[in-house]
Amino acid sequence: MPYVIAQPQVATLPVRGSADLFPVHRIYCVGRNYAAHAIEMGHDPNKEPPFFFQKNPDNLLVGQDFPYPSKSSDVHHEIEMVVALKSGGTDIPVESALDHVYGYAVGLDMTRRDLQGQAKDLGRPWEVGKAFEHSAPCTALVPASEIGHPSEGAVWLKINGETRQSGDLNQLIWKVPEMIAFLSELFELKAGDLIMSGTPSGVGPVKRGDKLHGHVAGVGDLQLAVI
């Protein structure tokens, strides 16, 4: 009997107020894109431009609680605005970059900080600390046709009702059009790409039983428990 290879399932995000699903191609994450967060991680935002790493599309977690991952005892929260592209290309001009945006969501870049730290010390890539199962909780997408392109407004995360992270979209070092333009110089961007735009200061650990509530003004709220 011939061996049949199952086709991998395409990761998707729901679209708020619709039955549509948004197929996800890649997930790009911007590092140290808020000055205060760069400083708390031991870096000088005036000397180090933001950089990019990737999570896998199947790391997305939608509408479910976050399972505390294995091989870690120091998992951190990082609240972010997520940008979803409806089209792409290479060498996209900053002036037209927003024309490629489909919509926005609220996401968490969950990080196994201890494993990330070990990788940093050894000069190795960060995937073991960043691109693990369920490491990208995310809300449904909200089309830009409904909300425009948020460029200012509160970004915060509360744990068990206590504010842990707080910032404003206007504090982004690289704005959304600049992120898209820069990424398109390094990669061929495509419809379905997500960009996690960076996190404000105040990142810290979570534990089982914690209730997380993240918010991005004009975009929405993400609520889940750590189990």
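Good morning. The model is predicted, so local features need pLDDT of at least 70 and side-chain atom pairs count only at pLDDT 80 or more, while totals for chains, interfaces and linings use all residues. Residues are numbered from 1 along each chain as its sequence is written, and side-chain values use heavy atoms, leaving out hydrogens and water.

I begin with the overall fold. The chain holds five helices and 17 strands; these are DSSP runs, H or I of at least four residues for helices and E of at least two for strands, numbered from the N terminus. Its radius of gyration, taken over C-alpha atoms, is 17 Å, close to the 17 Å from the globule rule for 227 residues, so the chain is as compact as a globular protein of that length. That rule is 2.2 Å times the number of residues to the power 0.38.

Of the 227 residues, 51% are buried, meaning under 20% relative accessible area with a 1.4 Å probe, protein chains only.

Next, I turn to helix α5, residues 176-186. Which of its residues are buried? They are Val176, Pro177, Met179, Ile180, Ala181, Leu183 and Ser184. These buried residues pack against β3 (27-31), β4 (51-55), β7 (79-85), β8 (101-108) and β14 (194-196), where contact means heavy atoms within 4.5 Å.

Finally, the cysteines. The whole structure has zero disulfides, a disulfide being a pair of cysteine sulfur atoms within 2.5 Å. For Cys29, the nearest cysteine sulfur is that of Cys138, 11 Å away. Cys29 counts as buried at 1% relative accessibility, and Cys138 counts as buried at 3%.

Methods:
Buried < 20%, exposed > 50% of the residue type's maximum accessible area, 1.4 Å probe, protein only.
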